[in-house]
Amino acid sequence: MSVMPQTTLPSAAAASAGVTAPSARPRRVRRLSGRDRLVLGVMVGVPTLIQAVLVWIPTLLSVGLSFTKWNGLDLADIRPAGLSNYTYAVEEYPPFWPALAHNIIWLVFLALVATPIGLLLAVLLDQKIRGTRLYQSVFFTPVMLSMVMVGIIWQLIYARNEGLLNNLLGTAGTPGAVDWFGDSDVNLWAALVATTWRHAGYIMVLYLAGLKGIDPSLREAAALDGANGRQTFFRVILPAMRPINIVIVVITIIEGLRAFDIVYLINKGTNGLELLSVLVIQNLVGAGQVIGVGSALAVILLVISLGPIVYYLVRTFRRAD
Amino acid sequence: MTATAPIAPAAGRPRRHYGTHLFLVVMAVMWLVPLLWTLYAALRPKAVTDKYGYWSLHGPLNLDNFTAAWSQGGMATYFGNTLLITVPSVVLTLGFASMMAFAVSRFTWRFNLTLLILFTAGNMLPPQVLAAPLFEMFKHTPLPYSISSSGTLLDTYYAVIAVEVAFQMGFCTFVLSNYMKALPSGLTEAARVDGASVWQQYSRIIMPLTRPALAALGTLEVVWLYNDYFWPLLFIHSGDRLPITTGITNLQGQFLLDYNMIAAGATITVIPTLAVYLALQRHFVAGLTLGASKG
């Protein structure tokens, strides 16, 4: 009766003689008919072509253009420039070092403040606590918003005279009122607080999913051995969460490098809000297009990003191979 | 099973987490205040806030700013544009990604893992790295003026859709291939023995079983594309062609210091995402965590 392994399709019985057991490994393409190979070829070929033309080749072109001088008009005007774009960016381009410093601050702030808040919320909400779903919904809501909306909403908090913050501080309407997004001494931090509002909820959701996936017997075993809550978390839960911990680390770094929308919205990434990603764009769309310099900055950003990307890929695919 | 007896009461008695609750309530209030402040400003007439300031409790509350922002800001156009970009992008992304995922997860061939790794990596790059070459490629691609008013791929939805699809495809392929890999190989094996072609295995067996993952990714992608700011900013230059998230920043310039109108525009823009959130929260969260938990 039930000898047939999982072949529940109606007409499978006729062929069941051939199906002794489901093969453990995916099928080899070599054994397919000509037509099936063609179909499979199209299924792979079209997405790969799109990916190649619009992602991989542009990435390589960025590297290529970074060694040239070009105003973006006639393709025949592209001139080799050696390393001059890089030396210009590093030695003479005024916003380069501030931007790099801001990127590092951005990353460190996400890693030391925003991500830990998300982790803390996840750990607290993973307990059997009343109203946990409601809390989760509240913290998660900003994750649904674009960084542009986050910027606009926080502009309403930070505005000099109209904003909530200065009204709470009692400085609104006085000369002492701080323009939180405008003052170059504070605007990076103001933008980071707004970013945290969204980032923490994102991390919370990811970590909660990881915590829910932990085998409850691990906790029970730890409790039986007399471990308290703190010990259970740091000695048992945290090590078991290793895969998700890697994801969180990588996401935090990548988000730090990708930051763009909110600073571009506030003031196009100038006056205290320079970031590498924004400098790339300023060099591409500004009045005097300097594709070479923009590309050199893009390559610097690419090289920094490759670290976490490669780390993640190695971690993820080593097991699969 | 005697060992479970002593800990059972401890687990059964609800522990009182006063400190935790206090902390969570404070955090929740801090998280809600920006949203509520925006809504409050949006509901108040400018005349009132000009007279009493924003930090005041004077009424009335009405929807006048919403109707004004909607019509003066031309938000209907922006929403229409968003629809024109988002729907084809999500459909194409999921279509291509599911085919690619099917091919790499259900068959072994020489470069399948290499391609999957490259797809996954592509999605993680900062978009600004690709911006210059893509912009120049599109600028130097001539199109007939009947299709594109710029005579090139710039300022067209094709450009935005193509790049959105290419960029999101990597992530979706990664998630879907993990999902498809977990489906028992006996399923397609049996169908193959029945004479089902590769296409039939994909469309009749694997795709129906992948529906939960597709629903989760679909929800996630709709929200992500709705929220995307960068690609339309780069490629679209006509103000009346911008999608809502990029267009809303024009509103900011238009309503300069009219914070009530800006707040109303922002609230209107947030409504669709919040609707998705309320209706499909489970799918959205599933989509987010699918990508992470299998990693």
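A residue is called buried if 20 or more other C-beta atoms lie within 10 Å of its own, exposed if 12 or fewer, and partly exposed in between, with C-beta atoms placed from the backbone. By this count, buried residues make up 50% of the 295 residues in chain B. The structure is a predicted model, in which local features need pLDDT of at least 70, side-chain atom pairs count only at pLDDT 80 or more, and totals for chains, interfaces and linings use all residues. Residues are numbered from 1 along each chain as its sequence is written, while chains are lettered from A and ligands numbered from 1 in the order in which they are written.

**View 1. The overall form of chain B.** Chain B holds 14 helices and one strand. Helices (H or I, at least four residues) and strands (E, at least two) are DSSP runs, numbered from the N terminus. Along its principal axes, the C-alpha trace of chain B spans about 80 × 80 × 30 Å. The radius of gyration of chain B is 25 Å, whereas a compact globule of 295 residues would have one near 19 Å. That radius is taken over C-alpha atoms, and the globule rule is 2.2 Å times the number of residues to the power 0.38. Two residues are in contact if their C-beta atoms, placed from the backbone, lie within 7 Å. Of the contacts in chain B with a separation of 6 or more, 73% join residues 24 or more positions apart.

**View 2. Confidence along chain B.** pLDDT is the predictor's confidence in each residue, from 0 to 100. Its mean over chain B is 86, and 93% of the residues reach 70 or more. Among the elements of chain B, helix α5 (residues 75-106) has the highest mean, 95. Helix α1 (residues 4-12) of chain B has the lowest, 42. Over residues 1-13 of chain B the pLDDT is below 50. Beyond near neighbours in sequence, this stretch has two contacts in the model. For the model, ipTM is 0.87 and pTM is 0.86.

**View 3. Where chain B meets chain A.** Here 90 residues of chain B are in contact with 97 residues of chain A. Helix α14 (residues 259-293) of chain B gives the most to the side of chain B that touches chain A, with 14 residues. The residues on that side of chain B divide into 64 nonpolar, 22 polar and four charged. Ala, Val, Leu, Ile, Met, Phe, Trp, Tyr, Cys and Pro count as nonpolar, Asp, Glu, Lys and Arg as charged, and the others, Gly among them, as polar.

**View 4. Transmembrane regions of chain B, from the record.** UniProt (unreviewed entry) places the feature "transmembrane region" at several spans of chain B, including residues 22-43 and 209-226. UniProt positions are given in the numbering used here, feature names are shortened, and annotations may be inferred rather than shown by experiment. Residues 22-43 of chain B are 100% helix and 0% strand, with end C-alpha atoms 30 Å apart. Residues 209-226 of chain B are 94% helix and 0% strand, and their end C-alpha atoms lie 27 Å apart.

**View 5. Helix α11 of chain B.** This helix covers residues 211-227 of chain B and has 17 residues. From first C-alpha to last it reaches 24 Å, close to the 24 Å expected at 1.5 Å a residue. The expected span is 1.5 Å times one less than the number of residues. Of the 17 residues of α11(B), 14 are buried, so the helix is largely enclosed by the rest of the structure.

View 6. Chain A has 14 helices and three strands. Buried residues make up 40% of its 321 residues. For chain A, UniProt (unreviewed entry) lists "transmembrane region" at spans that include residues 104-125 and 188-209. Residues 104-125 of chain A are 100% helix and 0% strand, with end C-alpha atoms 30 Å apart. Residues 188-209 of chain A are also 100% helix and 0% strand, and their end C-alpha atoms are 31 Å apart.

View 7. A:Thr174 sits in the loop between α7 (164-169) and α8 (187-212) of chain A. A:Thr174 is exposed because 11 other C-beta atoms lie within 10 Å. A:Asn271 lies in the loop between α12 (261-267) and α13 (276-285) of chain A. Its phi is positive, about 50 degrees, although A:Asn271 is not a glycine. B:Asp155 lies in the loop between α7 (128-139) and α8 (157-181) of chain B. B:Asp155 has a positive phi of about 65 degrees, although it is not a glycine.
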